[in-house]
Amino acid sequence: MLKKILLFFLLFSFADARADDGYRLWLKYDLLKNISKRAEYKRFAAFIQIRMEQTPVVRTAQEELKRGLEGMLGIQVSNTSKKSGGIIFQLDKTSPEEGFRIENKQGNIMISGGGDKGVLYGVFELLRLMQTEKSLTDLPISSAPKIRLRMLNHWDNPLGTIERGYAGASLWKWYELPETLDPRYRDYARANASVGINAVALNNVNASARFLTQEYLVKVKALADVFRPYGIQVFLSINFAAPKILGNLKTSDPLDPQVRQWWNAKTEEVYRLIPDFGGFLVKANSEGEPGPQEYGRNHADGANMLAEALRPHQGRVIWRAFVYSPDPRGDRFKEAYNEFKPLDGLFADNVVVQVKNGPIDFQSREPFHPLFGAMPQTPLAMEFQITQEYLGFSTNIVYQASLYKECLESDTYAKGKGSTVARVVDGSVHSYDFTAIAGVANTGSDRNWTGHLMSQANWYAFGRLAWNHTLSEAQIADEWVKMTWTTAPAAVVVIKNILLQSRETYVNFTTPLGLHHIMGQGIHFGPEPWLAQSARPDWTSIYYHRADSAGIGFDRTAKGSNALGLYRQEVQNLWNNPETCDLKYLLWFHHVGWNKKLSTGKTLWDELCTRYYQGVESVQQMQQEWGKVRPFVNVEMYEDVAGRLAVQHREALNWRDACVLYFQTFSKQPVPSPFKQPERTLEELKKLVAIYQLK
Ligand code: BDP
């Protein structure tokens, strides 16, 4: 009986039975259940006073704060100031422009910003403190972003589809713009501003030239106008062949005077409509996209032409380094390095080169890209993927803060020990004066924005780390869980643990021990380690895993492709000996015999199998753990995640069985006990995966 009463009490006090669908993300502002915290915060919520110019950004900050306070505290916030008990906005010229300070002065909370954006970010910080029930006695807090441009890259197409998008269609309704403004645009901007994201590239890097037409530019302007009060600048991905496609020129050669003139004029047109336009994002000479190499020019020639057009307007070029020529004898790992390293120092000062976190392509685990240790004279931007192209789409929980942190904290040794990727990107290693980080967005028209509710955490975490890469993945998870799901301690622990283990779990049941790029062809979903034929050898799986009767893995030491040689000696020392190489990266760099004893005490084959099986078991554990949070969270949201976890379990089994059965044809060894041989045959799995390829 007592148990029942307790349970009733628990359900009554925590479970949120009201309809919720995740639309409000981490910005719910529901009435705080913690009464003593409510009382504490109410002492500062009587009024909001503005002692600075009321710019649109300041008005956004004011509205947001009012909304948050009224929702969480159940009060009315007045505009009439009193002596104490309120929140005051002011400028602090000593603070960096986007930085802020929150302090308690004479019974008021002062939010001082270096500029209006600083105040806006300060407001979101204060709201976050309240949402996560932190005490306001720990003030003052000062904060400023470590990276200047914190950007989302949308891979959205003009017809509303999203390349590698798994949460519905594009948020941008091009056919309705500019006349109709979906209210979602504002909610999207709020969410970005709340985590400090201050720029967005609206369209796919495989860019349609259409975005530079007058017809589309007025639509882009309409979006820029919605985003501006949230401190967000707009960029466009451009098609390098636009002078030919739109301008009817015979060439798009970057050294051709007419071509340069065309870009200058086009850029002026853009800035007439959008005076604070950010600049151009460019994918050139990559995967069939046009670029300067068609005219015998290099990436710097192409980037510098655009830089010249943008310079009078303080615009930037973000030139991507995701290139790999189809050299059947080469190693794709080395291609971007080989093309870009010789150009270090040749880019104009308003160009940033954007490099993916790893050398291949957003795999579930990659060593950091060697370019991060090799371009002292070129500002490098980080490109992470938030959308889960290689991470199970929107049916798998993969908390990517773990992946981002692992990369950011890797030491490049570019200027001695401590030259981490994060410090290269934030400019502190080479003193770049402009710095940038981008995440390929996972948002779409799905009501909950990201398909999987847990994927909202990746959007959130990307923004938080872009602001401050020293935050830990656990701290970010803690905040997000409390703001999104519940503050009930028992449930917070469980959800956090699920998040923190999720990435390693995914690695284990898909690509353990440094395997990579063995997913389904084209769609990039499900296992296809047997893939041996494709338009290019480096689009197959066998190119990467190199399994044979002796062993498995890609030898990238000096005996093999010597991709390892692209790293500083200190990094090479970490990875070039298979005996001491971190098991995380083992098969990235070594071809290892099936019977080789690893540091775990198991042979390679046994360890590989163990990880595949344990990966699946971890998914089952996640399912069980998730069951425990049911009484504490919104029921609809709970059910949605439970359903997706069941899907993830099915997919994990497919991965495990496909990979174990396929690699077994080389190792010729049994699955080690206590694990059991898969019940399905390799042929059955091949058929199953072939279905993914059907159009
Ligand atoms: C790959 C994606 C492809 C993108 C490309 C890129 O499969 O759709 O266009 O990256 O980043 O991972 O350009």
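These notebook entries record what I looked up in the barrel and around the ligand.

**Basis.** I worked from a predicted model, in which local features need pLDDT of at least 70, side-chain atom pairs count only at pLDDT 80 or more, and totals for chains, interfaces and linings use all residues. Residues are numbered from 1 along each chain as its sequence is written, and side-chain values use heavy atoms, with hydrogens and water left out.

**Barrel.** I traced a closed barrel of eight parallel-paired strands in the order S6-S7-S8-S9-S10-S11-S12-S13. Strands are DSSP runs of E with at least two residues, and helices are runs of H or I with at least four; two strands pair if DSSP finds at least two bridges between them. Neighbouring strands of this sheet are turned by 25° against each other on average, direction ignored. I then checked S9 (residues 279-282) and S10 (residues 316-320), which run parallel and are joined by four bridges. Gly279 stands opposite Arg316 in S10.

**Helices.** I found H9 (residues 299-310) lying across S8, S9, S10 and S11, at about 160° to S10. H13 (residues 456-467) lies across S6, S12 and S13, at about 155° to S6. Angles run from 0 to 180 degrees between N-to-C directions of axes fitted to C-alpha atoms, for helices over the stretch in contact (heavy atoms within 4.5 Å).

**Ligand.** I listed 14 residues around the ligand (a heavy atom within 4 Å); Glu163, Lys283, Arg320, Asp361 and Glu389 come nearest. For polar contacts (N or O pairs within 3.5 Å), I noted polar side-chain atoms of Arg320 at 2.6 Å and of Asp361 at 2.5 Å from a ligand oxygen atom.

Methods:
Polar contact = N/O pair within 3.5 Å; in protein donor to acceptor, adjacent residues only side chain to side chain.
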